[in-house]
Amino acid sequence: MRQTVAETTVGVFVLVGMVCLAYLAISLGDLNILQGSSYRVSALFDSVSGLKDGATVEIAGVEVGKVEEIGLSSDDRARVKIRIRGGVKITDDVIASIRTKVIIGDRYIKLEQGGSEKYIAAGGTIRDTTPPMDIEELIGQFIFGKVDSVSKEKDE
């Protein structure tokens, strides 16, 4: 009798351990098994420098989706396919911009809703986009701008 109680206890612990491992694999792997419905929209950008598959998509600081795929469109622009969580509606005048979480952190897409009462349907395209700010280019302009102004002051 003691042996069957011990075997049952071990079996329960093994089963609980396997359930915990499965849950961790699903949640850490960002699998959408338990998250319900979602839909996909696309956005065309002139540049998606630094943006990666799996990057977050946010509205007002709240994560509403993920970047699913990045590729080239037929007109040589960057096409970003975005998976949006079900229940989140995106207006047809939304503006999508690529931002950086911190100064040199990961890039994400920020959606700014407009005032339209029409929504983008599944498979639709976001028309208004802004490319990411290039920090290196801004620093270069700042440095070279300072150099030009200093050399002009020396000439005078």
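This is a predicted model: local features need pLDDT of at least 70, side-chain atom pairs count only at pLDDT 80 or more; totals for chains, interfaces and linings use all residues.
Of the 156 residues in the chain, 24% are buried.

The chain contains 2 helices and 8 strands. Their order along the sequence is α-β-β-β-β-β-β-β-β-α. When contacts between residues at least 6 apart in sequence are considered, 60% of them join residues at least 24 apart.

Strand S2 covers residues 56–59 and includes Val57; Glu58 also lies in this strand. Val57 has a relative accessible area of 0% and is therefore buried. With residues up to four places away in sequence left out, Val57 touches Val62, Glu63, Val64, Gly65, Lys66, Val67, Ile82, Ile84, Ile109 and Leu111. The C-alpha atoms of Val57 and Lys110 are 5.9 Å apart in space, although 53 residues separate the two in sequence.

Glu58 has a relative accessibility of 13%; because the cut-off for burial is under 20%, Glu58 counts as buried. The side chain of Glu58 forms a polar contact of 2.8 Å with the side chain of Lys101. Under the exclusion of residues up to four places away in sequence, the residues touched by Glu58 are Glu63, Val64, Lys101, Tyr108, Ile109, Lys110 and Leu111.

Conventions
Residues are numbered from 1 along each chain as its sequence is written. Side-chain values use heavy atoms; hydrogens and water are left out. Helices (H or I, at least four residues) and strands (E, at least two) are DSSP runs, numbered from the N terminus. Buried means under 20% relative accessible area, exposed over 50%, partly exposed in between (1.4 Å probe, protein chains only). Contact means heavy atoms within 4.5 Å. A polar contact is a pair of N or O atoms within 3.5 Å; within protein, one must be able to donate a hydrogen and the other to accept it, and residues adjacent in sequence count only if both atoms are side-chain atoms.
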